[in-house]
Amino acid sequence: MATSAAQRFGRRLASSVPRRRFSSSAAAAAAAATGGSAVQRTQNPSLNLCSAINQALHIALDTDPRSYVFGEDVSFGGVFRCTVGLADRFGKGRVFNTPLCEQGIVGFGIGLAAMGNRAVAEIQFADYIFPAFDQIVNEAAKFRYRSGNQFNCGGLTIRAPYGAVGHGGHYHSQSPEAFFCHVPGIKVVIPRSPSQAKGLLLSCIRDPNPIVFFEPKWLYRLAVEEVPEHDYTLPLSEAEVIREGTDITMVGWGAQLSVMEEACLDAENDGISCELIDLKTLLPWDKETVEASVRKTGRLLISHEAPVTGGFGAEISASIVERCFLRLQAPVARICGLDTPFPLVFEPFYLPTKNKILDAIKSTVNY
Amino acid sequence: MATWLRRTRAVAHYLRRSSGRPSTSRVVLDRQGAPLPAVPPLGSVGIGRAAGRISPAPFPVFSAKRLESTRAEKHLASVHEAEDDDTVDDDDDDAQVLDFPGGKVAFTSRMQFIAESAEERVPCYRVLDDYGQQIENDCSAQVNEELAVKMYTDMVTLQIMDAVFFEAQRQGRISFYLTSMGEEAINIASAAALTDDDVVMPQYREQGVLLWRGFTLQEFANQCFGNKVDYGKGRQMPIHYGSNKHNYFTVSSPIATQIPQAVGAAYSLKMDKRSACVAAYFGDGSTSEGDFHAGLNFAAVMEAPVIFICRNNGWAISTHTREQFRSDGIVVRGQAYGIRSIRVDGNDALAVYSAVREAREMAIKDQMPILVEALTYRVGHHSTSDDSTKYRPMDEIEYWKMSRNPVNRFRKWVERNMWWDDKKEVELRNNIRKQVLQAIQTAETYEKPPLSDLFRDVYDTLPSNLHEQESQLRETIERHPKDYPLDVPV
Ligand SMILES: Cc1ncc(C[n+]2csc(CCOP(=O)(O)OP(=O)(O)O)c2C)c(N)n1
Ligand SMILES: [Mg+2]
């Protein structure tokens, strides 16, 4: 219901979150990969995350005539405006509205992909992905395996905006990534910034596996950074250290990274050096990067918006304890959403805020 | 083939005799066995014949008073004849019937596909013409002055509440709103046709139903502000009303989920032998969800007393019905599931009222689901997050807002009956406007629900993980009071 919800962020949250300007290694890497120079980089236009997604979709449709973009209300540009201009440019045959039926959208996408196409399906809100759960979990994820690799639906990418926006209540705020991280056969990817979103989305669309791509809708308009204009991809299943440090490793993804980075800056003032890692791909995830960091710092903190119990933080925590038990100097900390439905007026209480993270950093370091 | 035919026939014969429900199987027989009326084969030349036969309703017509069409009766008789006649010639295909689970199926040697659509669209039942003039006269008896004035008053109240709340969102006082503009007649008239014992399972554009049941403007405002007297305890977005005392289940954003739930609730009313039904409301877009199909099928099979009220308002956010379905709207789906259905002019309050009243009577008396498709138009934006001029023409909106306005049409009829006049109109509008503004002001002054409400109601009692999280959160708030809004008592 809260269409274009991201256009008006909650007053409190909007004011407490600075504009995201991650020193984007993506932009640099992409420029380098194409022989670009630093000078070229500064010429890249600033885009918000929504426009970066839009650009990626333009490129995907442009570079592969067998690619399609569809979902509820995508024709006129989508309720978040991410698909603006696509139908005009590529025609109604390749960019179209579907009936209001998520199981239909994903099932259709699987069939389309199974015939050798790139199907980019939009689920209007991640909160509404559940009618498609069966198609994703039992169908998309097992399509290759169950046929002995005779068939696959690797061309399928499911985009869905996820996460808090300040006033979304139960059904326009959820972060359902953990459900999908329990499903061998699909990949789960979440970008943190505009240039990341573009490169990762293009990777997902071109990856030969079905992927669920969650977009931090909080950042659609709030996050602005330089985004290389050309076609580039960023590697999947590779985490990135976006801030180096020595005292504690912090792992997150998507919009939560901006909150975590603020906590890092504050901790720095208290003389604590934090290493911040963007996991980017949650399934299959890059344990090695996290492990290497924890071996160095001896401490780990994970943060996500989804409820703490059964969240993906639990998986990271367990894996790292398995691998680094003797190196850990403190229990792994998880600063996450509460074990309640996502509440409207209590949203500021529910969320894993900067100060909750900062407190946990301090108590972990002083354990 | 002939042997098998005889054997299956014997089985069905036995089944029919032992089932003791001939009326059900009769309906099915007719539906399955009758030569399909008004449904010409694809690209058929026999159009004239089909079109000329049964017009305007292409399907057997039911009402509470007359449960079976003569055609159904006749056909049933012929099937019985064929069956009881042992000398029936098995090689005469047209005379043969196949006993098949569900009822007899006649054979035909003509290969004939059922057309994707009927010759003519299912007609739309109305009582008032565009000028508020009553076309037939049997309705005013049902809607007397008192009822008519109450209906009109509530339609106006709904209009004003929507307008003022929408404006309040624009001013940033509430975070979201969604109007029922253009659909006031469906809201109020359908509610008026139900009784307070009937259970309502809403989508989200049915605030008028709740208004009719006595939910006050103050209660609406409290929910939209999510204050401490909101029954939903500030947990859901504005417009997600719910009221136990009004038999109105709480709105849930995920589309169509209420439809199969309504069937379960109706089955409970059935088992409790209550003289009540469930009214499930939903939009045209909702009918694409799997839950819609599950719900209708369940309702038919479970013989549940539920009225499915579809507000076909032409749009699902930016998606036109043409991109939503290719059937003749929703009404024709009913028969496919074995559900009696009617299409009604959703902007004609009297038509909606009488159709839903009749539907209710049938649902309860015959213990079966009924589908009502109300044709209307979403005059407002989808919600405050939407700008509908981006995807639909202004003149289309204007046409429905002005020429087909359901409130104006009903007013003309009420005035024609000398039950209403300009003076009353001005008085009412001023009065309601004041009340709505007052409700908003009052709602705004209340603080938010207390912090403990964040953790309550996840389960019936608080489990240990939530106990722990609540005390941790309270410690955090003590350390960082500035992080938290002041209007939530901690
Ligand atoms: C499962 C699900 N998918 C998508 C949405 C987003 N959404 C909210 S309202 C809506 C359109 C509904 O249209 P319709 O049923 O015709 O009702 P109307 O708004 O016209 O009254 C959509 C797609 C949702 N709420 N739930
Ligand atoms: Mg609609």
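Guide: Let us start with a single pair of atoms, keeping in mind that this is a predicted model: a nitrogen atom of ligand 1 is 2.5 Å from an N or O atom in the side chain of Glu102(A). A pair of N or O atoms within 3.5 Å is what we call a polar contact.

Visitor: Where does ligand 1 lie, and how many residues surround it?

Guide: Ligand 1 lies between chains A and B, and 23 residues surround it, the closest being Glu102(A), Tyr204(B), Arg205(B), Gly285(B) and Asn313(B). Sorted by kind, the residues of this shell divide into nine nonpolar, eight polar and six charged.

Visitor: Now the chains themselves: how many residues of chain B are in contact with chain A, and what area do the two bury between them?

Guide: In this model 58 residues of chain B are in contact with 45 residues of chain A, and the two chains bury about 4000 Å² between them, with 61% of it on carbon and sulfur atoms. In chain B, the residues that lose the most area to chain A are Met237(B), Ser385(B) and Leu454(B), which together account for 14% of what that side buries.

Visitor: Which side chains meet in a salt bridge, and how many residue pairs are in polar contact across the interface?

Guide: The count of salt bridges between chain B and chain A is one, and in it the side chains of Arg479(B) and Asp359(A) meet, at 2.7 Å from N to O. For polar contacts, the rule finds 14 residue pairs across the interface, both residues of each pair being at pLDDT 80 or more.

Visitor: Which helix of chain B gives the most to the side that touches chain A?

Guide: Helix 16 (452-455) and helix 17 (464-479) each supply at least two residues of that side of chain B, and helix 17 gives the most, with seven residues. Taken by kind, the residues of the side of chain B that touches chain A divide into 23 nonpolar, 24 polar and 11 charged.

Notes:
Residues numbered from 1 in each chain as written. Chains lettered and ligands numbered in written order. Predicted model: local features only at pLDDT ≥ 70, side-chain atom pairs only at ≥ 80, totals over all residues. Heavy atoms only, no water. Contact = heavy atoms within 4.5 Å. Buried area = accessible area lost by both parts, 1.4 Å probe. Salt bridge = Lys/Arg side-chain N within 4 Å of Asp/Glu carboxyl O. Polar contact = N/O pair within 3.5 Å; in protein donor to acceptor, adjacent residues only side chain to side chain. Helix = DSSP H or I, 4+ residues; strand = E, 2+ residues; numbered from the N terminus. Nonpolar A, V, L, I, M, F, W, Y, C, P; charged D, E, K, R; others polar. Near = heavy atom within 4 Å.
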